[in-house]
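Welcome! Open your viewer, get ready to select residues by number, and follow the stops below.

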Amino acid sequence: MQLAAILVSMAATAVGLALVGRAAASMVRVLRTGRPASRTDSPGTRTVTLAREVGGHTRMLKWSVPGAAHWFVMVGFVVLVLTLIEAYVELFRPRWDYPGLGSNPVYGLVIELVALTTLVGILVLIAVRQRWMRRPGRANRFAGSQTWMAYYVEATVLVVALCIFALRGLRAAEGALPYSHGIAFVSWWLGRTLFGGLSRSTVTDLVYVVAMIKIVVSMAWFAVIAVNLTMGVAWHRFLAPFNIWFKRNPSGAVALGPLQPMDVDFEDPADDAVFGAGVITDFTWKGLLDFATCTECGRCQSQCPAWNTEKPLSPKLLVMALRDEMYAGVEGRPLIGLLEDGGVIEPD
């Protein structure tokens, strides 16, 4: 069992990391096709803005319950990487702890709470999505989104959180979890109710299996997003920090008001002067990064007066169309045109 778990986990890791590395390089090449934009002024202010908006979730928390749930899942995505490292080591030493840290009660409580809030958070987000999905027609803010991608991400987070508790519960079942019942309260409960009475050899084999599942699910997630560059609901976990740091305004102020000055001599325009965006590469690299970061959540669509009064425009579907065109690799294709004729954006 141990040998099989090691071989499967290592193979999955090699494939997942290779694919996601190649995908990241491809994404950078695509973003570099955009026009230049200077977004590196005031690096200190930009870094403070990044810390405030990511750590404080200042945008998402305007949506109260979904925002709070998303914050907990985000924290889990970062902190629980430690448990993924543990899973790799547990393939070789099933009762391993971080030296000097693994038996620390503070560390044990942090991991327990983060895993629990991540689990609760993703369940809340699943429930929120299903509530919106039941709304008819345009009242559903996920209308037009690629929902299978969101379902896949939600399922991945759910399985990973359950694997964390399963591994800790298995150790609790044989009394090898180095934390008290008050600290690892969920893990000890699982150890008593779900895994109680299992032999030591069975517990060891289950540790190998669950650690393998946790690793394979994580690496499969890398592989899936690698072959789906348009999967903004997953890629935004890596792109959003860059998107925030490179905002137009270093302070984080919204980019409303006058358009940026056009780099065109209106009295004697050059033959290749660009007025607006006629093809995808007329956008700046930051504009392309904006498209790549879209999660298809539909919050813009749900608040759009045009969409809510039965007009053709959906800001979400517009951004999704531009993102898909960005990755399509068709050079010089006009953005405006009937879809049946190969256009990207309907003239209406």
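**Stop 1: a pair of neighbours in sequence**

Select Arg323 and Asp324, whose side chains meet in a salt bridge (3.3 Å, N to O). The term salt bridge is used here for a side-chain nitrogen of Lys or Arg within 4 Å of a carboxyl oxygen of Asp or Glu. Side chains of opposite charge can pair when their charged atoms come close. Arg323 has 0% relative accessibility and counts as buried, while Asp324, at 36%, counts as partly exposed. Buried stands for under 20% relative accessible area, exposed for over 50%, and partly exposed for what lies in between (1.4 Å probe, protein chains only).

Before you move on, please note that this is a predicted model, in which local features need pLDDT of at least 70, side-chain atom pairs count only at pLDDT 80 or more, and totals for chains, interfaces and linings use all residues. Residues are numbered from 1 along each chain as its sequence is written, and side-chain values use heavy atoms, with hydrogens and water left out.

**Stop 2**

How many salt bridges does the structure hold? There are 13. Show Glu53, Arg59 and Lys247 next: salt bridges with shared partners join these residues into one network. In the link between Glu53 and Arg59, N and O are 3.7 Å apart. Glu53 is buried at 8% relative accessibility, and Arg59 is partly exposed at 35%.

**Stop 3: helix 2**

Now colour residues 43-56, which form helix 2. Helices (H or I, at least four residues) and strands (E, at least two) are DSSP runs, numbered from the N terminus. Helix 2 has 14 residues and spans 19 Å from its first C-alpha to its last, close to the 20 Å expected at 1.5 Å a residue; the expected span is 1.5 Å times one less than the number of residues.

Which residues of helix 2 are buried? Pick out Arg46, Thr49 and Glu53. Look down the axis of helix 2: its buried residues fall within an arc of 60°, so they line one face of the helix. That arc is taken from the directions between the helix axis and the C-beta atoms. An α-helix has 3.6 residues a turn, so residues three or four places apart point the same way.

Turn to the other side of helix 2 and you will find Val48 and Ala51 exposed. The buried residues of helix 2 pack against helix 9 (232-245). Just after helix 2, click on His57, which takes a positive phi of about 50°.

**Stop 4**

Select Arg168 and Glu112, whose side chains form a salt bridge (2.9 Å, N to O). Arg168 sits in helix 6 (residues 147-173) and Glu112 in helix 5 (residues 105-133), so the pair ties together parts that are 56 residues apart in sequence. Are these two residues buried or exposed? Both Arg168 and Glu112 are buried.

**Stop 5: Ser218**

Go to helix 8 (residues 200-226) and find Ser218, which is buried at 13% relative accessibility. Leaving aside neighbours within four places in sequence, Ser218 is in contact (heavy atoms within 4.5 Å) with Leu84 and Val160. Then try the distance tool from Ser218 to Gln301, 83 residues apart along the chain: their C-alpha atoms are separated by 31 Å.

**Last stop: the cysteines**

A disulfide is a covalent bond between the sulfur atoms of two cysteines. With the rule of a pair of cysteine sulfur atoms within 2.5 Å, the count is 0 disulfides. Select Cys304: the closest cysteine sulfur, in Cys300, is 7.7 Å from its own sulfur, too far for a bond. Cys304 is buried at 10% relative accessibility, and Cys163 is buried with a relative accessible area of 7%.
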